[in-house]
Amino acid sequence: VEKLGEDAAVQALAAHRSDFLTNSDLEKIKGLGYQTLRVPITWAAFQGTDEKPTVLVHDPVYKDRAFVSLDKKELTSVLRTVHRVTGSTILLDMHNMPGGSSAGTYNGVFPHRPAFWDDEKTQLLGLHSARKMLEWYNDLAEADKDFIDGFTLLNEPAHMMPEKKEVMLNWMA
């Protein structure tokens with residue numbers, strides 16, 4: 001972003017995503033016999049629009065952190081291909097939240113301290129992100145819904161942050 005600008009960063013990540021997973025990779029996964037694949041995504045994954053699906057999304061707490069949203073149609077196509085080739089179902093894992101939601105593990109804002117549990121507006125953005133993911137799912141064709149095995153919110157929420165346990169449990173509820 002600093003060197004080439006936001007549009008170039010978005011294009012570079014989109015190009016990387018388009019050839020990151022190969023048919024050879026999928027055949028190897030199939031050979032290992034996995035029945036369910038956990039696919040991590042960021043809270044910013046569904047922040048684009050139909051007109052501009054892949055956009056740079058800045059973390060609301062840490063402005064030096066940014067993510068690129070996913071093109072929902074491309075995501076569906078990739079997951080459909082993964083299922084077709086491997087036979088596996090998908091567990092879509094919204095792995096992190098704005099401001100970082102866990103310590104001592106990947107949180108999207110490292111080395112900053114996690115701030116998600118400290119700010120109600122950031123927590124609302126997290127809920128909005130989860131809602132957009134579920135809206136994407138609800139809009140899928142029934143055949144595509146068949147290979148989505150489920151969803152998880154947060155990897156190790158408030159991990160190593162016992163003082164955030166109550167706010168985490170309330171948010172998760």
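The expected span of a helix is 1.5 Å times one less than its number of residues. Helices (H or I, at least four residues) and strands (E, at least two) are DSSP runs, numbered from the N terminus. The model is predicted: local features need pLDDT of at least 70, side-chain atom pairs count only at pLDDT 80 or more, and totals for chains, interfaces and linings use all residues. Residues are numbered from 1 along each chain as its sequence is written, and side-chain values use heavy atoms, with hydrogens and water left out.

**Exercise 1. Compare the span of α4 with the expected span.**

Step 1. Helix α4 covers residues 120-138, and has 19 residues.
Step 2. From its first C-alpha to its last, α4 reaches 27 Å, which is close to the 27 Å expected at 1.5 Å a residue.

**Exercise 2. Work out the strand order of the open sheet and say which strands stand at its edges.**

Step 1. Two strands pair if DSSP finds at least two bridges between them.
Step 2. Isoleucine 90 has isoleucine 148 in β5 as its bridge partner, and leucine 92 stands opposite phenylalanine 151 in β5.
Step 3. The order of the 3 strands is therefore β1-β4-β5, and β1 (36-41) and β5 (148-153) stand at the edges because each has a single partner strand. One side of each is left without a neighbour in the sheet.

**Exercise 3. Describe how α4 lies on the sheet and which of its residues are buried.**

Step 1. Contact means heavy atoms within 4.5 Å. α4 packs on the sheet, touching β1, β4 and β5.
Step 2. The direction of α4 makes about 175° with that of β5, where axes are lines fitted to C-alpha atoms, for helices over the stretch in contact, and angles run from 0 to 180 degrees between N-to-C directions.
Step 3. Buried means under 20% relative accessible area, exposed over 50%, with partly exposed in between (1.4 Å probe, protein chains only). In α4, Thr122, Gln123, Gly126, Ser129, Ala130, Met133 and Trp136 are buried.
Step 4. What covers them includes β1, α3 (72-86), β4, β5 and α6 (165-172).
Step 5. The face turned away from the buried side carries the exposed residues Glu120, Lys121 and Asn138.
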